[in-house]
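Please look over the sequence and the three-dimensional structure before reading on. The explanation below is meant to be read with both in view.

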Amino acid sequence: MAAAAVVLAAGCSPGGDSGDTVTAAGENGVGAQPTPPPPPPPTPTVSASPSPAPPLKDGTAVLVRCADMEDPYATVEIRNPNAREALLEVKTHFVDANGSPLLDTSNQVDVPAKDKVTYRVPAKFQYTDRIAHCEVEPVVRAVR
């Protein structure tokens with residue numbers, strides 16, 4: 001007598017509660033290949049974040065020309081030593097003939113990387129007839 005292969009639905013067990021599953025390959029799993037487990041999910045890769053930019057260095061300022069009645073602007077040359085654009089704060093002081101301060105200003109100026117700009121600092125009109133000289137603080141603070 002020839003043996004016939006029997007196929008049962010998953011979860012059915014022949015002849016009781018033995019728990020054995022019969023497959024097309026044979027009874028009790030003989031000759032059956034187990035189903036491999038699913039592959040593990042891919043491990044996320046951590047990319048290196050770019051290193052933060054180094055802090056900005058302060059720049060320098062030089063007075064080119066003082067304000068007067070004909071041109072009520074002081075002219076200042078501002079230099080940026082940084083490898084990126086910087087907002088630099090320049091402070092200018094307008095002084096009378098006695099050395100007394102007339103007007104103190106603070107201006108923020110964008111300066112390209114490793115470059116210089118010429119900036120005109122306005123003096124208030126009511127002071128221009130009394131300005132004897134101008135002073136610029138030589139170190140300009142890097143704001144951002």
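This is a predicted model: local features need pLDDT of at least 70, side-chain atom pairs count only at pLDDT 80 or more; totals for chains, interfaces and linings use all residues.

Residues are numbered from 1 along each chain as its sequence is written, and side-chain values use heavy atoms, with hydrogens and water left out.

Strands here are DSSP runs of E with at least two residues, and they are numbered from the N terminus. Burial is judged by relative accessible area: under 20% is buried, over 50% is exposed, and values in between are partly exposed, using a 1.4 Å probe and protein chains only. Nine of the ten residues of β3 are buried, so the strand is largely enclosed by the rest of the structure.

Which strands pair with β3 in the antiparallel sense? Two strands count as paired if DSSP finds at least two bridges between them. Strand β4 runs antiparallel to β3 and is joined to it by ten bridges. These two strands form a hairpin with five residues between them, and G99 in the turn has a positive phi of about 85°. Strand β6 also pairs with β3 in the antiparallel sense, over four bridges; here V95 has H133 as its bridge partner.

H93 belongs to strand β3 and is buried, with a relative accessible area of 18%. It stands opposite D104 in β4 and opposite E135 in β6. The side chains of H93 and D104 are joined by a polar contact of 2.6 Å; a polar contact is a pair of N or O atoms within 3.5 Å, where within protein one must be able to donate a hydrogen and the other to accept it, and where residues adjacent in sequence count only if both atoms are side-chain atoms. A polar contact of 3.0 Å links the side chain of H93 with that of E137. Contact in general means heavy atoms within 4.5 Å. With neighbours within four places in sequence left aside, H93 is in contact with L103, D104, H133, C134, E135 and E137.

The loop between β3 (86-95) and β4 (101-111) holds D96. Asp and Glu count as negative and Lys and Arg as positive, whereas His and the chain ends are not counted. A salt bridge requires a side-chain nitrogen of Lys or Arg within 4 Å of a carboxyl oxygen of Asp or Glu. D96 is buried yet has no salt bridge, and the nearest side chain of opposite charge, R130, is 5.9 Å away. A polar atom of the D96 side chain does lie 2.9 Å from the backbone nitrogen of N98. Not counting residues up to four places away in sequence, D96 touches L102, R130, A132 and H133.

Attention now turns to β6. This strand has a covered face, C134 and V136, and an uncovered one, H133 and E135. C134 counts as buried, at 8% relative accessibility. A disulfide, defined as a pair of cysteine sulfur atoms within 2.5 Å, joins C134 to C66, with an S to S distance of 2.0 Å. The pair links distant parts of the chain, 68 residues apart: C66 lies in the loop between β1 (59-65) and β2 (73-79), and C134 in strand β6 (residues 133-136). The link of C66 and C134 is right-handed, with 75° about the S-S bond. The count comes to one disulfide.

How many salt bridges are there? The count comes to six. E77 forms one of them with R79, at 3.3 Å between the closest N and O atoms, and another with K116, at 3.7 Å. E77 lies in strand β2 and K116 in strand β5 (residues 116-122), so the latter pair ties together parts that are 39 residues apart in sequence. R79 is partly exposed at 40%, and K116 is partly exposed at 39%. Elsewhere, the side chains of R65 and D68 meet in a salt bridge of 3.0 Å, N to O. R65 is partly exposed at 31% relative accessibility, as is D68 at 28%. A network of salt bridges links R65, D68, D71 and R120.
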